[in-house]
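Me: Hi! Could you walk me through how the helices pack in this one, and then the pocket? Here it is.

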Amino acid sequence: WDLVRAVAELLAALGQHPEQQQKVNTLLNEAWPLLSALAAESLRPASQDMPLCLSGLSRLAAALPPRSPVAVAFVTDLLRPNAEALLQIACDGPEWGALELAGPLVRLAGGEAWAALLQRLALEGMPSFEQGEESAIRMVSILEWVASSEGPAAFPPFFDFALEELMQRLPSLPQLHKRRVVKLLGQVHLERPDLLAGMASASAAAETGAASVAELALHLSAFAAVYIRLADVVSTATTQAAETKEQEAAFSAISSVFETGSRQCQDLISAGEAGKAAGTADDAACLALSAFAQAVCRSPA
């Protein structure tokens, strides 16, 4: 595994030497079927070579030039034939301890294995994670990782289930990580957009403020994105009376965050935050004002 990784890194460094690059490509393409058979043996349950194999595959995936022909062959000839084994490893154990190592390989393989991983993660995996701050932070990182995936959603309702589970753990999160959750609410796909209002209200209620103008600006910008998205949901959906009340409550909760943030921004600046780092604080204040402007301009009639 280390030898092939070294060859892959050599390929990445030979961008200006097409003749040598072609020779390395040929060597790697000959290696994939052999490594696929080796991986099939190493990824069996209880195999002592499993950790080394996972590490080797991960290093190869990182070393190959993205979207290059040899990277495509790596996925086609090595990962996809072993996708089911990688899926089982990623889902193994009550805490899914190998998810962060095997999961990216399943994502590269794509197809049914990737869709199955997302489904099992949302419905079985995350609900089984231990309670507490460490698990809640890990869940946020997992959601950000899934959100970074390209292409259409492999399991469309993933974030509906995953965010509902995360909302129950919101009190366990430090303030910095709560902002990451708010940012996700403004970006990710929801099969049921009507769920956004309740999640937005819960996130707004969990707010405890920011320690600097820069942090406050990012914080308000994230809530502005949620406010705008919620306004779009209201303008395009036919909602029941109960849903309308929930949406109104969400708008009110986010507006309270803006109001509190406005006072805090004034207090931080007047207390001398701008004097300590004038340029940074001025830029942050502009971001904060931009957040207010975005929300006001897009607020529903």
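Me: How close do the axes of α5 and α6 come, and at what angle do they cross?

Reply: Helix α5 (residues 83-90) and α6 have axes that come within 8 Å and cross at roughly 150°. Axes here are lines fitted to C-alpha atoms, for helices over the stretch in contact, with angles running from 0 to 180 degrees between N-to-C directions. Helices are DSSP runs (H or I, at least four residues) numbered from the N terminus. That angle makes α5 roughly antiparallel to α6; angles over 145 degrees count as roughly antiparallel and those under 35 as roughly parallel.

Me: Before we go on, what kind of model is this?

Reply: It's a predicted model, where local features need pLDDT of at least 70 and side-chain atom pairs count only at pLDDT 80 or more, while totals for chains, interfaces and linings use all residues. Residues are numbered from 1 along each chain as its sequence is written, and side-chain values use heavy atoms, leaving out hydrogens and water.

Me: Thanks! Which residues of α5 and α6 meet?

Reply: A83, L86, L87, I89 and A90 in α5 meet L99, A102, G103, L105, V106 and A109 in α6, where contact means heavy atoms within 4.5 Å. By class, this contact of α5 with α6 has ten nonpolar residues, one polar and no charged. Ala, Val, Leu, Ile, Met, Phe, Trp, Tyr, Cys and Pro count as nonpolar, Asp, Glu, Lys and Arg as charged, and the others, Gly among them, as polar.

Me: And how do α7 and α8 sit?

Reply: The axes of α7 and α8 come within 13 Å and cross at roughly 160°, which makes α7 roughly antiparallel to α8. On the α7 side, W114, L117, L118, L121 and M126 meet M139, I142, L143, W145 and V146 of α8. The residues of this α7 contact with α8 are ten nonpolar, no polar and no charged.

Me: What about α2 and α4?

Reply: Helix α2 (residues 18-42) packs against α4 at an angle of about 20°, with the axes 9 Å apart. α2 and α4 are therefore roughly parallel to each other. The contact is made by N25, L28, N29, W32, L35, S36 and A39 of α2 with V70, A73, F74, D77 and L78 of α4. Those residues divide into eight nonpolar, three polar and one charged.

Me: Switching topic, what volume does the largest pocket have?

Reply: About 970 Å³. Of the 34 residues lining the largest pocket, R107, L108, S148, S149 and E150 are the closest to its centre.

Me: Which helix gives the largest share of the lining?

Reply: α4, with five residues. The lining of the largest pocket has 22 nonpolar, eight polar and four charged residues.

Me: How's a pocket defined here?

Reply: On a 1 Å grid over the protein atoms alone, where a 1.4 Å probe fits, a pocket is an open set of points with protein on both sides within 12 Å along at least five of seven lines, and lining residues have an atom within 4 Å of a point. Grid points are joined across faces, edges and corners, and a volume is the space filled by probe spheres set on the points.

Methods. Helix = DSSP H or I, 4+ residues; strand = E, 2+ residues; numbered from the N terminus. Parallel < 35°, antiparallel > 145°, perpendicular 65-115°, else oblique.
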